[in-house]
Amino acid sequence: MKIESLKFEGVSFTHDGQDPIVQNVDFDFPTKEVLWVKAEEGAGKSSLLQILAGLQIPQSGKYMINGENILDMSFEEFLPYRLQIGYSFDYGGLINNRTLHDNLMLPLLYHKMVSPEEARTRVDGLLKEFGIEKFAQERPAHVPGRVRKLTCLLRPLVMRPQVLLLDDPSVGLGQDSIYTFVDHINKHRKEGCFNHIFISSYDEKFMNHFEYQIIHLDDGQLYFQAVDPEKRVVHL
Amino acid sequence: MTSLLARVDSLGRFFTKNMEYTFRVLLMVYVSIRAAIFDKAQGFRQIFGVISAQIYFTGWQALPLITVLALGVGGLLVLQCMANLSLLGGTQMIGSFLVVMICREAGPLLVALVVIARSGTAVASEVGNMRANREIEALESMGINPMSFIVFPRVLGGIFSVVALAFYFNVIALIGGFLITRFMQDMPLAFYTDSIVRAFAKEDLLIFLLKNGFSGMIIFVVSCYQGLSVKRSPHEVPQQTTLAVVNSIIFVVIFNLMVSALFYLNELRNLGVIS
């Protein structure tokens, strides 16, 4: 399933007893771009990414993927889209009673996306690329925070989805890991994966590694923000 | 008058609240079974792994505790009844007494209580922590339905474990009873086993499967439901775990009582005592 378009039509979403995250929003998200989602602290960037991942259901409106309202779909109907959307949490999210290796293997084996041998090769390769292979057989509680965060980031990458949603990806990572991560993303984008990337971040230095577009979430509305053409872009 | 109305109102609210809770729990059973059957994308091998882990923790690791409990209960019940049966000259009734007390009543209830204490709490706190740690959301983000990956295998593994543990409990309790009779009255094994075999009726198998199978389902469905009721914060986990224990005990006791009541009413009807 190829994802061509992502669109909000009159979408409203509010957490109980709080200000609306989005209110009656119509927005056509640019595709084949790296989108930097910016907002004030607590304005709802994570919630917006979760709506885009199908993890939060808006109270009203339509979320159209390829012209189909996915909010009307059951878990099974949404699954083909879901497998093309990778989501990484800002914190938490690793399955605590499984090793890091098993955490990365789980989506591949569960959906039989690739053969077990191919899955193992892919996961081992990824762990080696990021230099955390020695922690592969450890459980999340037994590894440093940096490794945990990195594993969180790597889990959606193993599925090689078309849409990648990254919530504060650079927090807690070392500079070397960031370079490797950006390099990995750029390499696979050339090969046709991670076509549409959404990143919420306050880290301008990290974002400058990408050629991004900015969308701003403010007061329940989404806006495009002009990007300084002089912005620094580092190609690794 | 106002006080009476207030009481009726409070009773109505209590009844409605409990009916709603029961309905929600039953809905979760339906959704988890449906998800397990219809989710074509799921990896049965992964789900089987969760089922076998559940059986290992709930069934296998509980064996030492169940053994001690069964030997003790079997021995104690025989000790209590032998004195009375010997006085009345009804020693041959030992089998009927043990089948009624151990296999029909004490066994299912005690095994259920042990499983609630050991595994119900573990499942409720595990699932609750998974919710607080956003593991449930993570599963969803990977396209893994938590109902078929978390709830269904735990319930299935739990039912199997409770039935197996109850069978084991009955066997060990009857052995415990025999050891006491050997010690007290030097009762021959043939007499003891013959008395028990004669006391068994085909209804006992039905009662055994009904009580233990449904107790297993109740414990693990309620525990999963309470675990999933955790919203975001880890401080809710112990509260939900306590609720899981309380609700499981209430549901299991009520269910056992209903099965026993229906069974004995049916017996009375067969005897012509009631029409």
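Reader: Let's start with one residue: is A:Ser88 buried or exposed?

Author: A:Ser88 counts as buried, at 1% relative accessibility. Buried means under 20% relative accessible area, exposed means over 50%, and partly exposed is in between, with a 1.4 Å probe and protein chains only. Before we go on, this is a predicted model, where local features need pLDDT of at least 70, side-chain atom pairs count only at pLDDT 80 or more, and totals for chains, interfaces and linings use all residues. Residues are numbered from 1 along each chain as its sequence is written, chains are lettered from A and ligands numbered from 1 in the order in which they are written, and side-chain values use heavy atoms, with hydrogens and water left out.

Reader: Which strand holds A:Ser88, and what does A:Ser88 touch?

Author: Helices (H or I, at least four residues) and strands (E, at least two) are DSSP runs, numbered from the N terminus. A:Ser88 sits in strand β6 of chain A, residues 85-88. Contact means heavy atoms within 4.5 Å. Leaving aside residues up to four places away in sequence, A:Ser88 touches A:Cys152, A:Leu153, A:Pro156, A:Leu165, A:Leu166 and A:Asp167.

Reader: How do I read the sheet around β6(A), and what is its strand order?

Author: Strands of a sheet pair through backbone hydrogen bonds, either parallel or antiparallel. Two strands pair here if DSSP finds at least two bridges between them. In chain A, six strands make an open sheet in the order β6-β7-β8-β3-β9-β10, and the pairing is mixed. Its edge strands are β6 and β10 (221-225) of chain A, each pairing on one side only. From one strand to the next, the twist averages 20°. Axes are lines fitted to C-alpha atoms, for helices over the stretch in contact, and angles run from 0 to 180 degrees between N-to-C directions.

Reader: How many bridges join β6(A) and β7(A), and what lies across them?

Author: Those two strands pair in the parallel sense over four bridges. One pair to look for is A:Ile85 with its bridge partner A:Val163 in β7(A). Helix α5 of chain A, residues 145-158, lies across β6 and β7 of chain A, at about 175° to β6(A).

Reader: What does A:Ile3 touch?

Author: Not counting residues up to four places away in sequence, the contacts of A:Ile3 include A:Ile85 and A:Val163, along with A:Tyr81. A:Ile3 lies in the segment before β1 (6-14) of chain A. A:Ile3 is buried, with a relative accessible area of 2%. A:Ile3 and A:Tyr81 are 78 residues apart in sequence, yet 7.7 Å apart in space, C-alpha to C-alpha.

Reader: And what sheet does β1(A) belong to?

Author: β1(A) is part of an open sheet of four strands in the order β2-β1-β4-β5 (chain A), with antiparallel pairing. At the edges stand β2 (20-29) and β5 (68-69) of chain A, each with a single partner strand, so one side of each has no neighbour in the sheet. β1(A) and β2(A) pair in the antiparallel sense over six bridges. A:Phe8 stands opposite A:Phe27 in β2(A), and A:Leu6 has A:Phe29 as its bridge partner in β2(A). The two strands form a hairpin with five residues between them, and A:Gly17 in the turn has a positive phi of about 70°.

Reader: Why is helix α1 of chain A called largely enclosed?

Author: Eight of the nine residues of α1 (residues 45-53) of chain A are buried, so the rest of the structure largely encloses this helix. Among the buried ones are A:Leu48, A:Leu49, A:Ile51 and A:Leu52. Just after α1(A), A:Gly54 takes a positive phi of about 80°.

Reader: Which residue has a positive phi although it is not a glycine?

Author: Most residues other than glycine have a negative phi, and most peptide bonds are trans. One case here is A:Asp168, with a positive phi of about 45°. A:Asp168 is in the loop between β7 (163-167) and α6 (175-190) of chain A, and is buried at 16% relative accessible area. Another is B:Arg134, with a positive phi of about 65°, found in the loop between α4 (94-132) and α5 (135-141) of chain B. B:Arg134 counts as buried too, at 6% relative accessibility.
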